[in-house]
There are 2 protein chains.
Amino acid sequence: MSVQPVLINGVWKASAGTRTFQAVNPATLTALPEVYPVSPWSEIEEAVQAAARAAATVATWPGERFARFLERYAERIDARAAELVALAHQETALPVEPRLSKAELPRTTSQLRQAAAAARDGSWLRPTIDTKANIRAVFGPIGPVVVFGPNNFPFAFNGISGGDFAAAVAAGNPVIAKGHSCHPGTTRLFAVEAQLAAQETDMPAGFIQLIYRTDHADGEKLVSHPQIGAIGYTGARETGLVLKTAADKAGKPIYLELSSINPVFMLPGALAERGAALVDEFASSCLMGTGQFCTNPGLVVLVAGSETDAFVKAVQEKFSAAPVGTLLSEGVQKHLARGIETIRAAGAKLLTGGEPGGGKGASYRNTLLTVSGDQFVADAARLQTEAFGNCSLFVIARDASQLSSIASAMEGNLTGTIYSANDGRDDDLYRTVEPLLRRRVGRLLNDRMPTGVAVSPAMNHGGPFPATGHPGFTAVGIPASVQRFAALYCYDNVRAHRLPASLQDQNPTGKLWRLIDGTWSQAHIG
Amino acid sequence: MSVQPVLINGVWKASAGTRTFQAVNPATLTALPEVYPVSPWSEIEEAVQAAARAAATVATWPGERFARFLERYAERIDARAAELVALAHQETALPVEPRLSKAELPRTTSQLRQAAAAARDGSWLRPTIDTKANIRAVFGPIGPVVVFGPNNFPFAFNGISGGDFAAAVAAGNPVIAKGHSCHPGTTRLFAVEAQLAAQETDMPAGFIQLIYRTDHADGEKLVSHPQIGAIGYTGARETGLVLKTAADKAGKPIYLELSSINPVFMLPGALAERGAALVDEFASSCLMGTGQFCTNPGLVVLVAGSETDAFVKAVQEKFSAAPVGTLLSEGVQKHLARGIETIRAAGAKLLTGGEPGGGKGASYRNTLLTVSGDQFVADAARLQTEAFGNCSLFVIARDASQLSSIASAMEGNLTGTIYSANDGRDDDLYRTVEPLLRRRVGRLLNDRMPTGVAVSPAMNHGGPFPATGHPGFTAVGIPASVQRFAALYCYDNVRAHRLPASLQDQNPTGKLWRLIDGTWSQAHIG
């Protein structure tokens, strides 16, 4: 049995681990042939030390160096796109087209290129200069970053190619990627290309590293290691909270993206005005990718009435008739079943679905549940259990006035959406609901499903706990996402020639935006 | 016995607590007459609910409203400056002049006014607009903030008047202040003026509230309360870490300023060039305020040699001859004694001091300790024990090359300082030491003691754990300190008239800096 090597300190080497695992094709439920190691602590420690050395080496490098690496890596990904897509399809059962080849892969290389641009233009540095006091501050790398990628985006959130990776590198930090056990082959292929790009662009050994799996206890040791600067984690809430406890105790910033049910409020006027269109819009958004998006609309709030009855009935028919997609793994299927069980135990009634199967391999029937507004408010915690997958819960408010109690009972979410009539008849209600929803979500949408997450500088893919660990940061959108992996470095009375280029009187590129005595400027000083 | 009331929900009311405490004049070690309550949980819960209501009321208020409150409050403080100074002197034994009246009080009102300016000009909002995707994001209030002030700055870091208070209010957040038990009278007087200013400027009841003391368990409940947005804590490491654990578990951002020994590297050329001046500079900085500054130089690294011998001897003489100041409390005295004990147990030798007494009331002799570089590296954790007060430890490196190992053994600190020769002879050594020290401190200084903390937009009064809980934030400096109490709110496809003013096409003031499609601008859109 040949075990895949790990990437440590610039070398693909045999793991010292004795335990192994294999990925499973979720569409056939058969194990894939490649065998991957569980890394023992000695190996992880070696990676951390290599990352620390790499961090010291690159500490004062200009952003241009990281930009060149990121861009070369993106080119290499493009060149192996077909293989990556085929492998990811095998490991995740996500559709080749449009999902993997036309959406996620281009998005991934675009993120890497946007991160390269941020590294080059320094938009995340936010140099702040007080010329009178001669105090100058700038953001800089926080130290080696550990990235845990999730199961649901084998490219765009992968530990060695996704948004956290790109952001951490743009800020000049080495990355130790922890691959997700569902798609180790895809992850390995990315790492091969990343390492070649790193060599071609003269990055130090240990700047990017890959391990596939660790013991739980070693994961906690890793995130609390004195040499680690910060952690990015996207995935299940339970594991994320365990890592958060370990990282918090060691004083390590950990950026989490845990779970979110993304409430959608359909105000009565919107339903009356364009109910049929909303049926299609909601059903496609909720079933797309078999519902396995962080921003899947898992909760829809409606006001009791005949239009709501019609909407519910039409969605129910759509869900029953729609083909059932394959889930990412049997684990996801079980997790979904457990979530639905909890929601039903809390009093929600099944409208359709509620059984495993119906699709190829790991699958669960398209599921809709319904509960009254009264029940929701009475047991809001359980009824907000995330049922990650092709499932949603309708909450039927007694009347419009109950929407406020429902909105107030919401936990922190990544997104919140309000559909309202175009003719203004919902506007009073909007003004009541919006402030309550607003502070419980990172991104507020109007008249659009939350599943699309544009990589925009103004995006917030974040939100209050338990959606994430801190409501001031976003995992998507550059340069804001880069900021997570930065520390603030102040220079007080430091001699001019010793300042980093970004803080010298001369603007290093003539284009770097700096806050000089309260004014944002690209000018030189003096 | 008349017990001082607490300020809850806009009213000064008798506490429901049955336990009480009194402050002690540290110069006479006699209890002061006023009696203050320990608030029971019911009272704290009442404060939290009032704060949550206040937060909802002011959620969409323009910054101008908070600015008016802060400015009116600053005026009221100015009007009662003499009383505040007298009371604080009685409670802390800090000198009336220049410390309390000429330095700390003006600094406090200046901070409030700078925070008012930030609330008004929106410099902390950082509106980011992607016109093409119509996604717009802006920072906004994070929710009610609990502020725990420390013992050592009765004005400038007071929970109801200091930097955290000013920053939290500037971002539009209600504040629940937890007074420090060493100076409840000063805190009460501030709160009286704050509440009057709040009434005069039509702030809602519960916008600012004051409790004096809680049980430890209730403190943990408070910082993890679902209605609390964030916490600011400045004080002892042990208590801070207990609160951090509770807040972290609940997913509440907690900004800590815990402890810092502020290493100062005196490179050989600097000593040779201006040793005598450095003796004075160091001794004044270290003994000022009886050493009770977060940025007190508690560790000085020197290279063995005759100039170092002369420096050590001269400082030792200064410390022996200098009057011994009064400490803030007997608690501080005991804490200092314990710290010195630990440092001595780890092998440091006493040069002078090392005994309680020598001054009026709570006091401890000016203390100097010394240890070799070898010993320091071997037991770096214990030898970095904070001995908060009029004490410092000299670390004598074997030779210049050992400075690197010493710098590498440093924990996270607020500041790090390097003195070097003006003629350039230390420059090679500087280039070796600086990168190692740089990433372990928030503020790097040249040729200046770290005790002065200017309220500059470029200041970083922060640093890596365990100095603080996150290296990306500063407690001093506006608008950066305001950012700590802000959450990111994104608007995706939200109809134009529903956007907050800061995100509409029209620049609301014509002066607000916004990042529009990658360019910082004060212009309107379109």
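Strand β20 (441–446) of chain A pairs with strand β21 (residues 486–492) of chain B in the parallel sense, over three bridges. Strands pair if DSSP finds at least two bridges between them. Helices (H or I, at least four residues) and strands (E, at least two) are DSSP runs, numbered from the N terminus. L445(A) stands opposite D492(B) in β21(B).

This is a predicted model: local features need pLDDT of at least 70, side-chain atom pairs count only at pLDDT 80 or more, and totals for chains, interfaces and linings use all residues. Residues are numbered from 1 along each chain as its sequence is written, and chains are lettered from A in the order in which they are written.

**Chain A meets chain B**
- The contact takes 52 residues from each of chain A and chain B; residues touch if their C-beta atoms, placed from the backbone, lie within 7 Å.
- On the chain A side, β21(A) gives the largest share, seven residues.
- That side has 28 nonpolar, 14 polar and 10 charged residues.
- Ala, Val, Leu, Ile, Met, Phe, Trp, Tyr, Cys and Pro count as nonpolar, Asp, Glu, Lys and Arg as charged, and the others, Gly among them, as polar.

**Two helices in chain B**
- Helices α9 (residues 268–287) and α10 (residues 306–321) of chain B pack at about 5°, with axes 10 Å apart.
- Axes are lines fitted to C-alpha atoms, for helices over the stretch in contact, and angles run from 0 to 180 degrees between N-to-C directions.
- α9(B) and α10(B) are therefore roughly parallel; the cut-offs are under 35 degrees for roughly parallel, over 145 for roughly antiparallel, 65 to 115 for roughly perpendicular, and the rest oblique.
- Their contact has 12 nonpolar, two polar and two charged residues.

Technical notes:
Two residues are in contact if their C-beta atoms, placed from the backbone, lie within 7 Å.
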